[in-house]
Every structure is written in structure tokens, then in C-alpha cells.
Amino acid sequence: MALRHAVLAALLDGEYSGYQLAKAFDIGVANFWHALPQQLYAELTKLEKEGLVTGREVVQETRPNKRLFRVTHAGRAELGKFAAAVSKPSFIRDDLLVKVQVADRIGTAAVIEQLEERASAAEAKIELLGELLRRMRGDADEEEFLRRGERIGPYLTCLRGLAFEQEHRDWCRRIAAVLKERTTHAER
């Protein structure tokens, strides 16, 4: 997947400025695709040149003017082609795993600290994703929303992000505990 597809997907729900798109990425898309705001602005420029999004300027009296972007028919067609293409298998690429792999040879203190930090960060993200899911489904319970919700895609990707963060938190806590226990035994 390219950043272009993630941007097009984020714009399906309406018109966004670059700033609003960056916020939407932080909240809803970041659980499966990371991008810096400057990358998003550059991608919007490319997509507009290719006719996949269209932008319009909004004049604001007390603030600088802004541009709002929306997906064009060509952008929807591009997303359709992307959705029909075979997806590559996902893989993990995480420097913390390299550190865990060598922890018993180089020392565990710094690795344990990083595992605990990651677990805390995952816990914070779990709370954010839980709140986002609650806002998306409104008064409906989850099963009702999954059966009848109007816009289900963002909810489903958010569920995946939540499951990932929960598993990541649990793994980090377990590995930190294992390394602490091994360190305690080694010191005896």
C-alpha cells in the first residue's frame, strides 16, 4: 500500500484541509498507517496534480485561507483498483524486537525500561481507540453497530488497531517480567 491510498481512504468521509487530514490520520488511520503531516501535504499536492483529489480554497477572515480536498471519481476508481489488487502479507519490523533478541547478551535493564515504556504507550492508545470506537457507534452496542452501522470500514480498522495495541501491551509486559525474573535469578 502506498500513502496515496491511505490518504484517499481518509478523504472518503468528506472534505478535509491538510490540517484536518493530519488530525484524522492521528486518530483513525494511525493504527494501520503512519505519516507525518508534511508527507500528507506533499501527497495531497501529488494527488491533486493526478486528478485523484480536487481542492478548493476557503477564504477565512480572521485566519489564513485554507484548502479543502475531496476524492474525485478518478480517486474512487484508484481506490477500487487498489482494493481489488492482491495484498502483500504483513510483517513485523520493529527495532525493539532486535533489542529483545540480544538482551541476554548485552544486558536487560535498558530493554526492560523500553518494554515498560511501550506497554504504557500501548495502554494510552488502547484508551484512545476505545473512545473512538464508542464515538463511532454512538448509542448502539457493538454487535448492533457491526450489523447495521452506516460506515463500517473505519470501525473495523479501529478494532484491528485496538487488538494490536492490546496484544502489544500484553507482550511487552510479559517479556519485561521474564527478563526481570531472569535477571533476579542470575544475581542470586
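Tutor: What follows takes the helix contacts, then the sheet, then the aromatic rings.

Tutor: This is a predicted model, in which local features need pLDDT of at least 70 and side-chain atom pairs count only at pLDDT 80 or more, while totals for chains, interfaces and linings use all residues. Residues are numbered from 1 along each chain as its sequence is written, and side-chain values use heavy atoms, with hydrogens and water left out.

Student: Why are α1 and α4 called oblique to each other?

Tutor: Helices are DSSP runs of H or I with at least four residues, and strands are runs of E with at least two, both numbered from the N terminus. The axes of α1 (residues 3-10) and α4 (residues 73-84) come within 10 Å and cross at roughly 120°. An axis is a line fitted to C-alpha atoms, for helices over the stretch in contact, and angles run from 0 to 180 degrees between N-to-C directions. Angles under 35 degrees count as roughly parallel, over 145 as roughly antiparallel, 65 to 115 as roughly perpendicular and the rest as oblique. The angle of roughly 120° belongs to the rest, and α1 and α4 are therefore oblique.

Student: Which residues of α1 and α4 meet, and what is their make-up by class?

Tutor: R4, H5, L8 and A9 of α1 meet G75, E78, L79 and F82 of α4, where contact means heavy atoms within 4.5 Å. The residues of this contact are four nonpolar, two polar and two charged. Ala, Val, Leu, Ile, Met, Phe, Trp, Tyr, Cys and Pro count as nonpolar, Asp, Glu, Lys and Arg as charged, and the others, Gly among them, as polar.

Student: What makes α5 and α8 roughly parallel?

Tutor: The axes of α5 (residues 95-106) and α8 cross at roughly 20° and come within 12 Å. That angle falls in the parallel range, so the two helices are roughly parallel to each other. On the α5 side the contact is made by L96, L97, V100 and A103, and on the α8 side by W171, C172, I175 and L179. By class there are eight nonpolar, no polar and no charged residues in it.

Student: How do you know that α6 and α8 are roughly antiparallel?

Tutor: Between α6 (residues 109-137) and α8 the axes come within 8 Å and cross at roughly 155°. This angle meets the antiparallel cut-off, and α6 and α8 are therefore roughly antiparallel. Their contact has 20 nonpolar, three polar and nine charged residues.

Student: Why do β1 and β2 stand at the edges of the sheet?

Tutor: The open sheet of three strands has the order β1-β3-β2, with antiparallel pairing. β1 (16-17) and β2 (53-58) each have a single partner strand, so one side of each is left without a neighbour in the sheet. Two strands pair if DSSP finds at least two bridges between them. Two bridges join β1 to β3 (residues 66-71), and β2 pairs with β3 over six bridges.

Student: Why is the pair of F145 and Y155 called tilted?

Tutor: Rings of Phe, Tyr and Trp (its six-membered ring) pair if their centres lie within 6.5 Å; planes under 30 degrees apart count as stacked, over 60 as edge-to-face and the rest as tilted. The centres of F145 and Y155 are 4.7 Å apart and the planes are at 50°, so the pair is tilted. F145 lies in α7 (residues 142-148) and Y155 in α8 (residues 153-187), 10 residues apart.
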